[in-house]
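I opened my notebook beside the model and went through it entry by entry. Here is what I looked up.

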Amino acid sequence: MLGALRSNTKIVLWIVVVGFVGFIFAGWGKGGPQSGQSPTERGVIGTVDGVSISYQDFIESYRQRATSYAERSGSEISESTRESIRKETWDSFVAEILIQNEIERLGIDVPNDQVFELLWNNPPESVYRSASFQDENGNFDFGVYHREIQMHPERWEGVATMYRETLKRQLLQQEIQAAALVTDNELWTAFVAQNEKVRASYIEINPRAVDTSDLLPTDDEARAYFHQHRAEYERPEMVILNYVSFPKTPSALDEQDIELRLEDIANAVRDGEDFAEMAKTYSEGPSGPDGGDLGWFGRGAMVPEFEETAFSLDVGEISDPVKTQFGYHIVMVDDKRGKDDDAEVSARHILMKLRASEETLVELEDSCSAIAVQAKSDGLAVAAESAGVEMSATPPFANDRFIPRIGNVRPAVVFAFDNEVDTVFGPYSTPEAYYVFEIAERIPQNLPTYDELTEEAEASGRDHPAQVALIYERQKDRASTLAADVAAAAASGATLNEAAVRYEQDVKSTNIFSRTDYVPTIGRVNGFIGASFGLTPGQTSGVVTVDDPTRYYVIRVEEKVAASQQLFAEQRDDLRMQLVQNKRMQLFAAWLEGLRSRAEIDDYRDMYL
């Protein structure tokens, strides 16, 4: 076993070191831009106080985060989510550089004995999970771990570096967060916010529900409204692009390759390999770390192809590769129970997602490049026809990050707005396809006239935007007046129900809620919730307005539950710890934002993303 341990440990530790050091340090170099080279030529996506962030490091970290998100969510990632993940990735790189620079500036260091103690008692997660360090019962064997450190200390230098940096950061955070104190008054206020509760009845008046039959403006009224708000209708410069696309769809050979790989894994399991261990190594599904375990499920719980396979297998049997919308699977049934409609199986699977291979992507990019070359002399329409592919056109779009129907291709957007009509450019790549573009039309910034908007509205079958806006303003005015009448009726002695009947409204009720709760159909931390806690039981409010979207309420509190002093005494220590931790996070975030505001940050993401 020790021989296997020695050979495997080096690999495990390399993964550990790369996972940490590669994220924080790799590709970051002191010094400013090299003379005569653009950031893209140097492979730099940004700099923070002279420390470079390489594009390769950034994109690798982004892909890891995106993959992790997709596995957790079990669904495709939307473009807006991709953009959020890219921003999160960028922010993390900036933060790590700023923190590391501050550690160096302050001369923070950690004694070797503290680093050793942490390493000795806290094995890295990947080592802790490695079978090479586990006994015959699957438990982590500290004796083996300690002997390996003693016999081969040089192999652990990278992990020690990681732990040293972790301890340095902890020291820095402790210094920054030392001022995180919570007063008794803050403690009670937070407790009351969570534990004082009310239940309310209310009348909601939604402007969108107001009848518009007698609110329709005349053409003269809509024109007057348009001229009063004309700046709101200004349009930025826009571009229309022609394009051809080559979707990154897997080839028949790609599918065949995945099937063959899964067949090899299935045969290995049939020959004695452990299915769960193979799933941990090879499965790309979220259940992979759990050995592919899907637990018990009945009919209708899985996609049809998977379900049919699982229910057709005997206990312990391994399936051939089966294709579903998620990719290719091999399935093993652990157990079965029940009959007919109550039948269930307990199964595991190994999933390999269907994606284009590197060879397929190279072929697609080469085809795209060939069209680009011809299009630069003959035009994109001719090149597309010669290649037998369809040319499409985008709707007009502004200088933003996104191209309609295509997604986030910021470098292409920048090029489109910096060049002339008929210019061909590309290929450009998105997660979905390769593209070649041609600038079809540039539309200057303009302020359309009322009549131009009328023609556009008639052509599209829509109402004039100025008429729509004016109608909504009138709906809000009428809703506000109606809410004031309801509130006045309630204030003059009528009950909320009587006021509702008089003005043909409905009375609705909430469940009991605190200041920090989300109230269904109402929202969280808004005027409705604040007003409710300002009322005594049986008291009715005036008009309460909530924006985004605008709604008007008249509220009566039916029940109010005071915060319990006894419960406060029981929970105050835990609550204080929670509030202190929140304050620590706020202090650290504010400190980091201060560093960021003073730092010299060059962001070249637009050149790449």
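Where is R405 found? I traced R405 to the loop between β11 (402–403) and β12 (407–408). Before going on, I noted that this is a predicted model, where local features need pLDDT of at least 70, side-chain atom pairs count only at pLDDT 80 or more, and totals for chains, interfaces and linings use all residues. Residues are numbered from 1 along each chain as its sequence is written, and side-chain values use heavy atoms, with hydrogens and water left out. My element names follow DSSP runs numbered from the N terminus: helices are H or I with at least four residues, strands are E with at least two.

**Backbone entries**

I looked up phi for R405 and found it near 75°, a positive value in a residue other than glycine. R405 counts as exposed at 64% relative accessibility; the scale is buried under 20% relative accessible area, exposed over 50% and partly exposed in between, with a 1.4 Å probe and protein chains only.

T521 also went on my list, with a positive phi of about 70° although it is not a glycine. I placed T521 in the loop between β17 (518–519) and β18 (523–524), and it counts as exposed at 58% relative accessibility.

Next I turned to omega. The bond from G426 to P427 is cis, with omega near 5°, and P427 sits in strand β13 (residues 424–429). D548 and P549 are also joined by a cis peptide bond, with omega about 0°; P549 belongs to the loop between β19 (544–546) and β20 (551–561). I jotted down the background: most residues other than glycine have a negative phi, and most peptide bonds are trans.

Which residues of helix α12 (residues 275–282) are buried? I listed F275, A276, M278 and A279. They cover an arc of only 160° around the axis, which puts them on the same side of α12; the arc is that of the directions from the helix axis to the C-beta atoms. These buried residues pack against α11 (252–270), β7 (327–337) and β8 (344–352). At the start of α12, I found a side-chain oxygen of D274 within 3.1 Å of the backbone nitrogen of A276.

I then followed β7 to H329, which counts as buried at 3% relative accessibility. Its side chain makes a polar contact with that of H349 at 3.0 Å. Such a contact is a pair of N or O atoms within 3.5 Å; within protein, one must be able to donate a hydrogen and the other to accept it, and residues adjacent in sequence count only if both atoms are side-chain atoms. Not counting residues up to four places away in sequence, H329 touches several residues, including L262, F306 and L351; contact means heavy atoms within 4.5 Å.

**Helices α8 and α21**

How do I describe this pair? The axes of α8 (residues 157–177) and α21 (residues 565–598) come within 9 Å and cross at roughly 100°. The two helices are therefore roughly perpendicular to each other, a label for angles of 65 to 115 degrees. I noted R169, L172, Q173, I176 and Q177 of α8 in the contact, with R584, M585, L587, F588 and W591 of α21. These residues divide into six nonpolar, two polar and two charged.

Conventions: Axes are lines fitted to C-alpha atoms, for helices over the stretch in contact, and angles run from 0 to 180 degrees between N-to-C directions. Angles under 35 degrees count as roughly parallel, over 145 as roughly antiparallel, 65 to 115 as roughly perpendicular and the rest as oblique. Ala, Val, Leu, Ile, Met, Phe, Trp, Tyr, Cys and Pro count as nonpolar, Asp, Glu, Lys and Arg as charged, and the others, Gly among them, as polar.
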